[in-house]
Every structure is written in C-alpha cells, then in structure tokens.
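Here's a quick briefing to read with the structure open. Take a look at the chain before going through the points.

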Amino acid sequence: MNAANTNQDVYGLKKGDNVTITGVIREDFDVTRIDSISSLIIHSSNNSLPNTQILTTGSIGTKASNVIDAEQWESVLIKFENVNVTDLNADGNAGPDQGSGGNRNFGEIFINDGSGNVRVDLQDGNHLYHNMWDASLAGNLTLISIDSGATIASLSGYLYFSFSYYKLIPRMTTDFVGYTPPVGINDGDNTIPDKFVVEQNYPNPFNPSTVISYSLPKEGLVNIRIYNSLGQEVANLFNAVQRAGVHKINFDASYLSSGVYFYLFTSDNFSQAKKMILLK
C-alpha cells in the first residue's frame with residue numbers, strides 16, 4: 001500500500017498525506033505489504049514529500065530478498081547518480097522480446113555508478129524511456145530509446161522487489177536527469193571489411209576517455225565489455241546489432257580508478273581482448 005507516487009485516492013489517501021496505518025505486515029512473493037488494514041488516520045495533508053535517498057548502485061546490486069542492506073529501501077524513493085547504462089537487456093540479448101530462450105526482454109536494463117550493476121525496470125513507470133522490449137516502439141518518435149553506454153546524471157524512482165531481484169522503477173520522465181547518449185558511437189566509411197579487426201584503443205594510456213575502433217565484415221550483434229585486472233566486469237560498453245563497416249565507440253572511465261583494464265570484443269564467433277591503461 002503506497003500512495004506516494006499517485007494523485008489518486010488509495011484508501012482515501014492522497015500524495016502528501018501524513019498518516020498512521022495499522023495492519024498486518026506480510027511478505028507476498030518477497031514483497032513487503034501492509035494488509036488487513038484495521039485503522040487509518042490522516043493527521044495532515046499537502047505535506048512536502050520526504051527527501052530522495054541517494055544510494056550507490058552497488059548497495060542494492062543483485063542482493064537477495066532477505067538482505068537488510070537492500071530491503072530497508074524497499075518502496076522508498078531513491079536516487080542513483082552519475083551512472084552508465086551497462087546492459088540494454090538484463091535478461092537476454094538486446095532487442096525485442098522473442099518469448100523464449102536468451103531473447104527475453106522484460107524492459108529491464110543494468111546501470112552502474114562504478115560500484116556494481118543494479119536493475120532498472122522501464123516498463124512500469126509513466127515516462128518516455130524504453131529499451132525496445134517491443135518492436136512497435138521503434139516507430140514511436142515521441143519515445144526515447146535507451147542506448148548501451150549512455151550516461152545519466154541522476155536517476156530516481158522507488159525500489160521494488162520482484163522475480164528474485166530488487167530493481168529501481170522510475171515514475172516519470174523527470175526522474176531521468178541528464179540522459180546523454182553514447183556520442184562516441186560513430187560509423188566510419190562505407191567500405192565493407194573482409195574480416196573482423198579490433199584496433200588498439202587510442203589514446204593509450206588515457207584519462208578519462210579513449211576510443212575503441214573495430215571493423216565488421218557483416219551485420220551482427222556486437223558486445224564490448226570492460227574488465228579490470230582481476231577479471232571483474234566493470235562495464236558492458238556496447239550490446240546491439242550493427243551493420244557491416246568500420247565503427248568507433250568512446251569509453252568514458254571517469255568513474256573508475258587508475259589501473260590496467262581489458263576490453264573484450266565479441267561478434268558472431270569472433271572474440272578478441274586488448275589491454276588498456278587508465279592513468280589519472
């Protein structure tokens with residue numbers, strides 16, 4: 001029971017009401033609820049809403065339902081700042097939901113502020129952003145398609161738990177502040193390469209950004225992931241279908257510390273990793 005995100009009456013409540021509710025706390029599919037309401041007292045109305053709680057993505061991450069570090073924020077209005085979109089589809093391949101296998105798309109993406117991935121559910125809010133979970137979204141020019149590698153200055157919403165994961169649910173378009181597409185994604189000339197080529201990033205060493213260039217002999221799904229020297233993934237830089245040709249993508253590592261990193265390029269049956277050095 002939560003009236004914090006609606007102007008509609010819920011048990012006689014409106015946004016901004018200060019209330020005391022007596023009922024039974026239940027865990028319903030690992031979601032905490034107040035049921036069997038026996039008393040509801042409205043003390044005052046039109047109050048200012050509580051301040052948004054600023055958290056790190058890693059503080060929620062992919063924790064289980066009974067981990068208090070995450071559960072204490074369930075249904076609370078929270079905010080993540082300076083995040084990267086690390087994966088366009090948290091449940092499978094990029095693109096519309098195919099209904100089976102690895103091609104499920106429930107409208108959930110991963111974001112990361114450098115402390116760990118956390119899910120964002122784009123389907124359940126009233127906003128303009130989507131991850132192309134349905135092919136029909138492509139023709140709607142009033143909507144905004146999220147890009148892998150994009151940055152968001154701040155992203156707010158309430159924390160919800162469903163299907164084994166905590167996830168942020170943005171409520172409205174204004175919850176997305178400073179959305180910036182990955183401007184480093186560029187198509188090169190129209191020459192069709194005869195083989196896969198992954199160039200050394202330039203500059204290298206770099207601070208804080210560098211460019212990764214690569215050639216595709218045919219259209220296909222391209223995935224570029226960034227790993228630290230311990231083999232831990234720190235970013236899913238790009239995950240989408242691209243046409244044959246020469247391409248470039250910018251990697252902004254401003255949220256990472258100095259050190260040795262590796263970028264792993266995968267497309268079709270081709271895979272190659274290269275080392276790069278971040279010096280701050």
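Strands here are DSSP runs of E of at least two residues, numbered from the N terminus, and two strands pair if DSSP finds at least two bridges between them. This is a predicted model, where local features need pLDDT of at least 70, side-chain atom pairs count only at pLDDT 80 or more, and totals for chains, interfaces and linings use all residues. Residues are numbered from 1 along each chain as its sequence is written, and side-chain values use heavy atoms, with hydrogens and water left out.

**Strand β15 and its partners**
- β15 (residues 220-228) and β16 (residues 233-242) pair antiparallel over 8 bridges.
- Those two form a hairpin with 4 residues between them, and G231 in the turn has a positive phi of about 85°.
- Y227 has E233 in β16 as its bridge partner.
- β15 also pairs antiparallel with β18 (residues 259-267), over 7 bridges, and I226 stands opposite Y263 in β18.
- In β15, 7 of the 9 residues are buried (under 20% relative accessible area, with exposed over 50% and partly exposed in between, using a 1.4 Å probe and protein chains only).

- K274 sits in strand β19 (residues 270-278), and beyond four places in sequence its contacts (heavy atoms within 4.5 Å) include Y263 and E199.
- S48 lies in the loop between β2 (31-44) and β3 (53-54), and it counts as exposed because its relative accessibility is 73%.

**Confidence**
- The chain averages a pLDDT (the predictor's confidence in each residue, from 0 to 100) of 82.
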